[in-house]
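Let's take a friendly walk through a protein model together. Have a look at the sequence and the fold below, and keep them in view as you read.

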Amino acid sequence: MASDTEYYRRTAITRLDGLSHQDHDLLNATVEEWLDGCNIASNLAWKNEHTQSGVRSVAKDAVRSDTGLNSQHSILACHEVSSSIQSCIERRKNGEKATQPHFTLKSITYDRRTLTVCPEKEQVSLTVLDDHSRVRAYLTLPSNEDGYQYQYLDDEDWEYTESTLHYRDGEWYLHLGYRKEKPELDQRVGSTTQNGTVLGVDLGVNQIAVTSTARFFSAGKLNHARREFERTRGNLQECGTQSAHRTLQEVSGREDEFVKHILHSVANGIVQEAIEYDCDGIIFEKLDGIRKELPEADWHSMWAFRKLKKFVEYKAEERGLFVDTVNPKNTSKRCNECECVRDGNRHGDEFECRRCGKQNHADYNAAKNVAELYLLRGHQPSRGRSLSQYALKSGSRTPS
């Protein structure tokens, strides 16, 4: 019987230290067997199965017999394949191309049966291969105890759960998964606010996000990295060898991790901005309408926007904030001062109203519109709060 318990979920990333040459070899060998196991399961399940139980039924025995993985890691490999196949199904539903999953990225999944965390010693123990031997390593943690990892390691309310081990640039990195039970809704929210405040967020290409309080999250670093990844992918595609194809998938995996790291940082900043201004909720534009507002946003931008909103949602929920959306129509053309809507009001990153002459950064003007239009159109969160204002800074603003 499935549990009805809901959890907050977080990831603490740290590098492993204190590994011998033999430990490195054992971990490398385990990852290679894991990749073989995932590809075996993918071949057997791709056409007919996609649930965890379905993939296990057709593939677990083959993975167990044809690789050096132990029983638990064979099951985890089947679960990994199930998740990838379901992701392919979702992409196809959205009209995107999705081919059979092939696993090349050097990473492996661990759970509480295959990974032991010793917070007091800042150590972990990881199962390797079929003989049930273990590799022990130290966690490389910040010398300053303000490091975010400590809030999970040192708090008994957070329990470690499914985690992933990654090999990058000659080092092993452990992405430790943690979870904590969510309290009952009425306990988490407390009394409602009669005159609540919302924070408006505009999404863009040059600025990942801009808030109605004039906080700018630049996309410069992200866009530069994406161009570099794109250049590398182009060179590998021209090469066309099987080795280049494997490297191409590894590069794509590294790019996704880099983007997620940037988006987590932006999500944290947005939530902190809402808390600082005593907001009750965070308002985004509806993503299904943002393509018309941002025609230059490619598929990767849309994927990043969806990820960012998802990260903000779960981070905000833990802090008792709601997240909602508003139709983005005219948010980039509407003057926040006089409400004039004209196509000629916006010129790239600059906004100058053709009626009243008000000038401002276009994304900041749009962020204020997102929040104001949410209030004007009478949206109400499910908690039944009465919202009457939005958080902002007056005057013209530019990125610092």
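## About the model

This is a predicted model, in which local features need pLDDT of at least 70, side-chain atom pairs count only at pLDDT 80 or more, and totals for chains, interfaces and linings use all residues. Residues are numbered from 1 along each chain as its sequence is written, and side-chain values use heavy atoms, with hydrogens and water left out.

## The seven-stranded sheet

Strands of a sheet pair through backbone hydrogen bonds, either parallel or antiparallel. Here, seven strands make an open sheet with antiparallel pairing, in the order β2-β6-β7-β1-β5-β4-β3. Strands are DSSP runs of E with at least two residues, helices are runs of H or I with at least four, and both are numbered from the N terminus. Two strands pair if DSSP finds at least two bridges between them. At the edges are β2 (107–110) and β3 (115–118), each pairing on one side only. On average, neighbouring strands of this sheet are turned by 30° against each other, direction ignored.

Look next at β1 (residues 7–17) and β5 (residues 133–140): they run antiparallel and are joined by three bridges. D17 stands opposite Y138 in β5.

## Helices across the sheet

Helix α1 (residues 21–45) lies across β2, β4 (123–128), β5, β6 (159–168) and β7 (171–181), and runs at about 90° to β2. Such angles run from 0 to 180 degrees between N-to-C directions, along lines fitted to C-alpha atoms (for helices, over the stretch in contact). Helix α3 lies across β2, β4 and β6, at about 110° to β2.

What distance separates the end C-alpha atoms of α3? They are 34 Å apart, which agrees with the 33 Å that its 23 residues (71–93) should span at 1.5 Å a residue. That expected span is 1.5 Å times one less than the number of residues. After α3 comes G95, with a positive phi near 85°.

## Where two helices meet

The axes of α2 (residues 52–66) and α3 come within 8 Å and cross at roughly 135°. Residues of α2 including V55, A59 and V63 take part in a meeting with residues of α3, among them I75, C78 and V81; contact means heavy atoms within 4.5 Å.

## A three-stranded sheet

Another open sheet has the order β13-β14-β15, with antiparallel pairing. β13 and β14 (residues 350–352) pair over two bridges, and E350 in β14 is the bridge partner of H347. Helix α10 (residues 362–376) packs on this sheet, touching β13, β14 and β15, and its direction makes about 90° with that of β15.
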